[in-house]
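These are my notebook entries on one structure.

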Amino acid sequence: MSAFLDSMLARAKGDLQTIVLPEGDDERTLQAAERILAEGVANLVILGDAAAIEASPYALDGARIVDVRTAAERAEFAAALYELRRHKGLTPEQAEALMDDVLYFGVMMVKQGLADGMVAGACHATGDVLRPSLQILKTAPGVKLVSSFFVMCVPDCDLGANGTFLFSDCGLEVQPDSERLAHIAVNSAKSWETLMGEEARVALLSHSTHGSAAKNADAAKVVEATEIARELAPDLALDGELQLDAAIIGSVGASKAPGSPVAGRANVLVFPDLDAGNIGYKLVQRLARAEAYGPVTQGIAAPVNDLSRGCSADDIVGVIAITCVQAQAKAAE
């Protein structure tokens, strides 16, 4: 287990948050819930067939188990959802029907203050997880867009923060323009500092370093994004466009980008598009045997995090702990 995950678990235990897990019919979710409860990491609400969950072999004492079909809050949530979405044409009958959807019910628990965050996605697509979050919780004040990141913990590595990096965006923004890429960079830096408690050093990645390649639209987008990000956060240690080796290897950074505030020392890597980000994190995960925690969302008004459908129970534990730390930070704002 990485030092990063140890830190997340310890911080979560220090100020218990309530996390709703809508996928109570998923065995990995129940395995993770058992560990979270045994180690005192969070208070849990598990949604699903109450009888089946209670009959499972997992020790879930202390969790609140809710069957959305018979939940006491069902009518209250439906009425609140109707008021939130009536301007979009939602009817009371449709709002009531949506309470059968564990993802909508779970997000309403967060909206109504009965949970501090939600973790889902083990058996739901990303779009299904994020749709109710954006409809009900919306983006955080002052935030332009919702994006995602992975925390990558590379064993036996002295780069980044002792082998730990934040990769963004690897899960949501398919082809961000320069402005959106700039916001992803700034939000990723904030996420790094929230989770790691240390300065972010942000590299906006490209196939070119400071104009080393022939001029083209892809590199120009990253250059423009860097300029916008500097305007948004002038005190942030940030640079681009940088090739990957120039961003994280000291000797290469000194050669290719002398005088850069982050070259050779970056701990936050911002990819130019979803193809690059998704391929990049999977390469590091599989070839370097890195632990990959995410995709973690940033920019939603309350912490709602998506899981890969290929996740393990250990992955879910990690994302629950991260969600708790995000919730603590939100409460402290």
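Entry 1: I began at Val 20, which stands opposite Met 118 in β4. Strands here are DSSP E runs of at least two residues, helices are H or I runs of at least four, and both are numbered from the N terminus. β1 and β4 pair in the parallel sense over two bridges; two strands count as paired if DSSP finds at least two bridges between them. Met 118 also stands opposite Val 304 in β11, and three bridges join β4 to β11, which run parallel.

**Entry 2: source of the model.** I noted that this is a predicted model, in which local features need pLDDT of at least 70 and side-chain atom pairs count only at pLDDT 80 or more, while totals for chains, interfaces and linings use all residues. Residues are numbered from 1 along each chain as its sequence is written, and side-chain values use heavy atoms, with hydrogens and water left out.

**Entry 3: the sheet.** I traced five strands in an open sheet with parallel pairing, in the order β3-β2-β1-β4-β11. β3 (64-66) and β11 (304-306) are the edge strands, each pairing on one side only. From one strand to the next, the twist averages 20°. β1 (residues 18-21) pairs with β2 (residues 43-47) in the parallel sense over four bridges, and Leu 21 stands opposite Ile 46 in β2.

**Entry 4: what lies on the sheet.** I found α6 packed on the sheet, where it touches β1, β2, β3 and β4 (117-120); contact means heavy atoms within 4.5 Å. The direction of α6 makes about 160° with that of β4. Axes are lines fitted to C-alpha atoms, for helices over the stretch in contact, and angles run from 0 to 180 degrees between N-to-C directions. Helix α13 (residues 313-332) lies across β1, β4 and β11, at about 160° to β4. I then checked burial in β4: Gly 117 and Val 119 on one side and Met 118 and Ala 120 on the other are all buried (buried is under 20% relative accessible area, exposed over 50%, partly exposed in between, with a 1.4 Å probe and protein chains only).

**Entry 5: helix α7.** The twelve residues of α7 (residues 126-137) should span 16 Å at 1.5 Å a residue, and the end C-alpha atoms are 16 Å apart, which agrees. The expected span is 1.5 Å times one less than the number of residues. Buried residues in α7 include Val 129, Leu 130 and Ile 136. Their cover includes α4, α6, β4, β10 (291-298) and β11. Lys 138 follows α7 with a positive phi, near 65°.

**Entry 6: aromatic rings.** I counted five aromatic pairs. Rings of Phe, Tyr and Trp (its six-membered ring) pair if their centres lie within 6.5 Å; planes under 30 degrees apart count as stacked, over 60 as edge-to-face, and the rest as tilted. Phe 77 and Phe 105 form a tilted pair, 4.9 Å centre to centre with 55° between the planes. Phe 77 is in α4 (residues 74-85) and Phe 105 in α6 (residues 102-111), so the pair ties together parts 28 residues apart in sequence. Phe 77 and Phe 105 are both buried. Phe 165, Phe 167 and Phe 271 form one aromatic cluster.

**Entry 7: cysteines.** How many disulfides does a search of the whole structure find? It finds zero, a disulfide being a pair of cysteine sulfur atoms within 2.5 Å. The closest cysteine sulfur to that of Cys 157 is in Cys 153, 10 Å away and too far for a bond. For Cys 324 the closest is in Cys 311, at 16 Å, again too far for a bond. Cys 324 counts as buried, because its relative accessibility is 0%.
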